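Colleague: I am new to this structure and would like to know what the terms rest on. Could you take me through them one at a time?

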Amino acid sequence: MTATTTADLGSEAGRGDSVLRRVLRRVPSSTVPLAIFLVLFLIGGLLRPNLLSVESLLGTATFAIILAFASFGQTVAVIQGGIDLSVPNTIAFSALSFLTWAGTIGPVPALFAAILSGAIIGTLNGVVVAKLKLTPIVTTIAMNGLLFGVVLLTFKNSELTVIPEFLTAITAEKISILGVRVAAVLPLGLALMIVLQLLLSYTGWGRSLFLVGSAAHTARLAGLPVDRIRITGYALSGALAALAGVVIVGFYAQASATMGASYLLGSVAAVVVGGASIFGGRGSMVGTLGGALVLGQVATLVAVANLGSNIQQLIYGVIVLLVIALYARRAHD
């Protein structure tokens, strides 16, 4: 009798656990970083009550959306099974190029020219990875170093101090939404996220990107142009990094040769915290924004504790290592 009762209880517990797992599987992975952000936001409010306010939330969201701009392109690279470590100096090169060209051809043409320059940089990365078969890490680190040399040799920061009003208006200027004043960069970033998510989810190219990232050999057998998909993926990554550079200039009203350095680790961390697999085949723009919100709140908590930016980067690094270790363990199970 006792044995039967124990077995029945064990069976019921197993069924309950199975139901819980099925429910959890149905929860979109992109919602996990948003839940983590809310927990960290509440923790911040407990540590310092004035952080539990709309102003604090908007401040963190603004920081996060700028990081997300730098991370959207990284998301594309990671989904296809690669990585783009040339993001920092693509940001610097495009930002300084924009300021140089804005004085001669005007801010709007300069914006498109800067984005095009980023796309060209990304295309070069993609060609080397796809055609020459160099690993993405080596290729993009080399490109990052090359761009840093170009930036140092080409641009004089002291001459690039005038920020076009057009750029300030679409990034830093406060606008009213439902009675709340927010920086224009916030709705701009949300709109870009929606467009990119629709591109990934509802186009043949977007779905092919996931297949190439998860099973490139299978994609080739299915007749997909794997090399072309990878090249266009890196081209989009470069274009988005260039756009991020221009946005950063507009919002912070300054530019320098090292302005993209802090986005190297940050862009990768936002992507992996957002639920993307560093081994490819999984990720989303919504998740990346959620990851950026988590990192933004981490930055807020670091500032509250007066730990400094070096500790912030250390925490980002630990987060990336933990997430990669988790994915590696799942792969071996």
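What follows is a set of questions on terms, each with an answer.

Modeller: This is a predicted model, in which local features need pLDDT of at least 70 and side-chain atom pairs count only at pLDDT 80 or more, while totals for chains, interfaces and linings use all residues. Residues are numbered from 1 along each chain as its sequence is written, and side-chain values use heavy atoms, with hydrogens and water left out.

Colleague: Why is Ser56 called buried?

Modeller: Buried means under 20% relative accessible area, exposed means over 50%, and partly exposed lies in between, with a 1.4 Å probe and protein chains only. Ser56 has 14% relative accessibility, so it counts as buried. Ser56 belongs to helix 3, residues 54–79. Helices are DSSP runs of H or I with at least four residues, strands are runs of E with at least two, and both are numbered from the N terminus.

Colleague: What is Ser56 in contact with, leaving aside its neighbours within four places in sequence?

Modeller: Phe41, Asn50 and Leu51 are its contacts on that count; contact means heavy atoms within 4.5 Å.

Colleague: Why is Lys133 called exposed, and why is Ala253 called partly exposed?

Modeller: Lys133 has 54% relative accessibility, so it counts as exposed. Ala253 is at 46% and therefore counts as partly exposed. Lys133 lies in the loop between helix 5 (107–131) and helix 6 (136–154), and Ala253 in the loop between helix 11 (226–252) and helix 12. Each has a positive phi in a residue other than glycine: near 65° for Lys133 and near 55° for Ala253.

Colleague: What makes helix 12 largely enclosed by the rest of the structure?

Modeller: Nine of its 11 residues are buried, and helix 12 is called largely enclosed because of that. Among them are Tyr263, Gly266 and Ser267. Gly275, with a positive phi near 100°, follows helix 12.

Colleague: How do helix 12 and helix 13 pack?

Modeller: Helix 12 (residues 263–273) and helix 13 (residues 285–304) pack at about 115°, with axes 7 Å apart. The axes are lines fitted to C-alpha atoms over the stretch in contact, and angles run from 0 to 180 degrees between N-to-C directions.

Colleague: Which residues make up that contact by class?

Modeller: The contact has seven nonpolar, four polar and no charged residues. Ala, Val, Leu, Ile, Met, Phe, Trp, Tyr, Cys and Pro count as nonpolar, Asp, Glu, Lys and Arg as charged, and the others, Gly among them, as polar. Residues of helix 12 including Gly266 and Ala269 meet residues of helix 13 including Gly287 and Thr288.

Colleague: What is the largest nonpolar core, and which residues have the most contacts inside it?

Modeller: A nonpolar core is a set of buried Ala, Val, Leu, Ile, Met, Phe, Trp, Tyr and Cys residues joined through side-chain atoms within 4.5 Å. The largest one has 84 residues, and Phe69, Phe72, Ile91, Phe98, Val249 and Met259 have the most contacts inside it. Helix 3 gives the largest share, 12 residues. Met259 touches, among others, Ile91, Ala92 and Val249, not counting residues up to four places away in sequence.

Colleague: Why is Ala92 called buried?

Modeller: Ala92 has 0% relative accessibility, so it counts as buried. Ala92 is in helix 4, residues 87–105.

Colleague: How many bridges join strand 1 to strand 2?

Modeller: Four bridges join strand 1 (residues 174–177) to strand 2 (residues 180–183), and the strands run antiparallel. Two strands pair if DSSP finds at least two bridges between them, so these two count as paired. They form a hairpin with two residues between them.
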